[in-house]
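Biologist: Can you put the model up? I'd like to walk through it with you.
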Amino acid sequence: DSAAKKLSACDRDATLLQSQLEPLSTPQLAKRLERTFGVLLDKETEQAYNRDYVMAILLECYEKHGPREIRKEKGIPVSKHRLDALMQELNAVNWPHTTRERPKIKAEHYMIIQKPGSGVEDSVRTKKETAKLIKYKKLFDLAVDTLAEVDPVFAERFTALAVTHNFVGSPHIDTLNVGPFYGLSIG
């Protein structure tokens, strides 16, 4: 329904298939209908471009198809001493009390620490990012060392570290984080 469309990703029930499909555009939903279920929409009709209609047909196809396979992926183990050091530093973080950088994210605290050299030199923004990096340098370094343990190449190349407290994930298409990323959950 149209009220559900206005919800942010963090406000939708992530267990519902529709919530997981909401981030997709109407053409992406139609493409999934075609590729997954062989359903071709008549592009000469308005219904083919009506989001509610396309979503309803797709959900109906999934319902007929039966339950989706649930996959559980095991992550890459990280050394206990690194996790312990990270947890200790996270517990000591004095979280910023300003407007969160990503207010629509469902988390008690959320901040982004930029890697040095990722912004425009001498800009106001880069100066603020550098000050934040200095303030949270130990946390940043511990996170980089932990990442380097599982992927040393990526640890050299990534540009930003998102640090959260009591984060609740939700299906969404991230327009700000458009590259590959790693996730680590501890505590």
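Modeller: First, a term: buried means under 20% relative accessible area, exposed means over 50%, and partly exposed lies in between, with a 1.4 Å probe and protein chains only. This is a predicted model, so local features need pLDDT of at least 70 and side-chain atom pairs count only at pLDDT 80 or more, while totals for chains, interfaces and linings use all residues. Residues are numbered from 1 along each chain as its sequence is written, and side-chain values use heavy atoms, with hydrogens and water left out.

Biologist: What share of the chain counts as buried?
Modeller: Of its 187 residues, 30%.

Biologist: How many helices and strands are there?
Modeller: Eight helices and two strands. These are DSSP runs numbered from the N terminus: helices are H or I with at least four residues, strands are E with at least two. The order along the sequence is α-α-α-α-α-β-α-α-α-β.

Biologist: Which residues of the largest nonpolar core touch the most other members?
Modeller: Met111, Ile113, Leu139, Phe140, Phe158, Leu161 and Val163, out of 18 residues in that core. A nonpolar core is a set of buried Ala, Val, Leu, Ile, Met, Phe, Trp, Tyr and Cys residues joined through side-chain atoms within 4.5 Å.

Biologist: Which elements give two or more residues to this core?
Modeller: β1 (109-114), α7 (137-150), α8 (152-157) and β2 (160-165). The largest share, six residues, comes from α7.

Biologist: And what is Met111 in contact with, leaving aside neighbours within four places in sequence?
Modeller: Val93, Trp95, Pro96, Glu101, Tyr136, Leu139, Leu161, Ala162 and Val163. Contact means heavy atoms within 4.5 Å. There is also a second, separate core of 14 residues, and Leu29, Ala30, Leu41 and Leu58 are among them.

Biologist: Switching to α4. Which of its residues are buried?
Modeller: Arg51, Val54, Met55, Ile57, Leu58, Cys61 and Tyr62. Down the axis of α4, the buried residues fall within an arc of 165 degrees, so they line one face of the helix. That arc is taken from the directions from the helix axis to the C-beta atoms.

Biologist: What sits on the face turned away from that buried side?
Modeller: The exposed residues Glu63 and Lys64.

Biologist: How far does α4 reach from its first C-alpha to its last?
Modeller: 21 Å over 15 residues, 51-65, close to the 21 Å expected at 1.5 Å a residue. The expected span is 1.5 Å times one less than the number of residues.

Biologist: What follows α4?
Modeller: Gly66, with a positive phi near 105 degrees.
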